[in-house]
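Please keep the sequence and the model in view while reading.

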Amino acid sequence: MKSVRARRRSGASAPALEWLCDLSGRTARITSIGNRSLLVENYRGILEFSAERIVLGTRCGSVEVTGECLSLNQVRRDALVIEGEIRDVRLPGAEAAHES
Amino acid sequence: MNRDVRLRVEGSLLERLIQRALNDGASFARIQRLGPRSIQLDADARSADIVRALCEKYWLDCRVLRRGGFAAMRDKLRARWTLGLGALLCAAICALFLSRLWLVDVRFTGPAPQLGSERAIRDCLEEHGVRVGMPVSAVDAELLQSELLAGAGDYSFVGVRRQGVRLLVEASPEVPAPQVYDLNYARDLVAARDGVVESITVHAGHAAVKPGDTVRRGQLLIRGEEARTREETAPVGASGEVIARSWCEGSAEGALTGAALRRTGRCEAESALQLLGLSLPLSECAGYASEEAELEILPVGGLFLPLEVRRVIHWETAPVRVEADPGALEARLRALALAEARAKLAAGGMDWTLRSTWTDCETEGDVLRVRAVCEIAANIAVTRDALNQEVN
């Protein structure tokens, strides 16, 4: 299991203060189970949805998931599960980091 | 979150539609993209209603592909209300059927089941109101059990069990108690029938006969007294066994000649045409004082028309004297005489062993008489009370 925390700022926060972000409950949390299932919590909206690409809005930017036969499962207002053959997950701030 | 309803929505900006539905409180079990302008939603009934309301509001095409769950079942039942009514009727009939008593079985158990009388138990059940078709709840098994035990006859055990629509009555007939007597009660043993004593075994008392003696019915065999001292005797209950040869006779007789009707050879015939119950005489005759009649039926109309000619032939008969077959008559009379002798022995009510049988015949005029004798060996010692009961 791989856990990735989307961070709002481009610079990394101090590890000792990471738990404060979790405590606020507003930071998006993305949990991947293999490459077949991806749990996204604290998202803010579905920006784009197709079988190959799903873009979700979060407080710190958009999360882009690409793959094949993607579908949304257990969709609630604050959480959803993306199922399908997931190939790539692009986190907010990754584009800026990539450009720099 | 269930998947009672499956929707298909077509239009543009469907992501916004989903987001608005989520904001309105909807939730979805699964969302699939079918094409650039269509998605498929699996949701519960409430969320589906929200999506449909939004689609109406924004002029989107929304179709229900499948409905499931309680609502769908309710709709199906509404569409097929006769099915529900039939099921209810069936359940009511089943409940009515299962609440009644449809079988009453009587079974006899125990060491002597052949002594039980099913008729007596069924009569007793009817007396107490138990009948086929009565409500099962009206049967009080324990009460019925005690009533059967008290009123159905001699039973050592009666069990009544309800098994669904069946009432099982199990009864164990009472085994008759063996004949007992008081050892101290003074009594003699006497001969139950005439015979010649073969052996005598005395368990208590004093033998009054010895082997080879000829005894008559009622004669004293074992005296019920024992010597206490040389001068003094005391009465005891005599006990022992006296095996004696005895005989039982049966007889039969039959006539060697008899009268029979023979045809003389003269005959007359009459005929009539008959259709169903209607009869048209074709020829008539007077007949004879003593005659035999033969009927011949000649179908005229074939298989389908019951038209027929009935012809009756009257044969004159005259009585003639015929002689019986002596051998066959004798064999028949022997069998009858032996059967009578055996029946007499069986009616005596004692255990016996058949030693031999013989028959003799005698002719007296026109009558053949056969006498059959069965020689048996039996214990002929009985009490006077038993002998008197046999006489009565």
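A residue is called buried when its relative accessible area is under 20%, exposed when that value is over 50%, and partly exposed in between. The model discussed here is predicted.

**A buried threonine in chain A**

Is A:T58 buried or exposed? Its relative accessible area is 9%, and because the limit for a buried residue is 20%, A:T58 counts as buried. This residue belongs to strand β5 of chain A, which covers residues 53–58. The side chain of A:T58 reaches the backbone oxygen of A:G61 at 2.4 Å. If neighbours within four places in sequence are left aside, A:T58 is in contact with A:A28, A:Y43, A:R44, A:V63 and A:P92.

**Chain A as a whole**

Chain A contains 2 helices and 7 strands. Read from the N terminus, its elements follow the order β-α-β-β-β-β-β-β-α. Of the 100 residues in chain A, 37% are buried.

**The interface of chain B and chain A**

Contact between the two chains involves 15 residues of chain B and 17 residues of chain A. Together the chains bury about 1,300 Å², of which 52% is on carbon and sulfur atoms. How many salt bridges does the rule find across this interface? The count is 0 salt bridges, whereas 8 residue pairs are found in polar contact. On the side of chain B that touches chain A, the elements that give two or more residues are α1 (14–23) and β2 (28–35) of chain B. The largest share of that side, 6 residues, comes from β2(B). By class, the side of chain B that touches chain A has 7 nonpolar, 4 polar and 4 charged residues.

**Salt bridges in the structure**

Side chains of opposite charge can pair when their charged atoms come close. Over all chains, a search of the whole structure finds 32 salt bridges. Three of these pairs are set out below.

| Pair | Distance, N to O |
|---|---|
| A:R87 and A:E85 | 4.0 Å |
| B:R63 and B:E10 | 3.5 Å |
| B:D194 and B:R216 | 3.6 Å |

In the pair from chain A, A:R87 is exposed, with a relative accessible area of 56%.

For the salt bridge between B:R63 and B:E10, B:R63 lies in strand β4 (residues 61–67) of chain B and B:E10 in strand β1 (residues 5–10) of chain B, so the pair ties together parts that are 53 residues apart in sequence. B:R63 has a relative accessible area of 41% and is partly exposed; B:E10, at 27%, is also partly exposed. Both residues belong to a network of salt bridges that links B:R8, B:E10, B:D61 and B:R63.

Where do the partners B:D194 and B:R216 lie? B:D194 is in the loop between β8 (189–191) and β9 (195–204) of chain B, while B:R216 is in the loop between β11 (214–215) and β12 (220–223) of chain B. The pair links distant parts of the chain, 22 residues apart. At 34% relative accessibility B:D194 counts as partly exposed, whereas B:R216, at 56%, counts as exposed.

Technical notes
Residues numbered from 1 in each chain as written. Chains lettered and ligands numbered in written order. Predicted model: local features only at pLDDT ≥ 70, side-chain atom pairs only at ≥ 80, totals over all residues. Heavy atoms only, no water. Helix = DSSP H or I, 4+ residues; strand = E, 2+ residues; numbered from the N terminus. Buried < 20%, exposed > 50% of the residue type's maximum accessible area, 1.4 Å probe, protein only. Polar contact = N/O pair within 3.5 Å; in protein donor to acceptor, adjacent residues only side chain to side chain. Contact = heavy atoms within 4.5 Å. Buried area = accessible area lost by both parts, 1.4 Å probe. Salt bridge = Lys/Arg side-chain N within 4 Å of Asp/Glu carboxyl O. Nonpolar A, V, L, I, M, F, W, Y, C, P; charged D, E, K, R; others polar.
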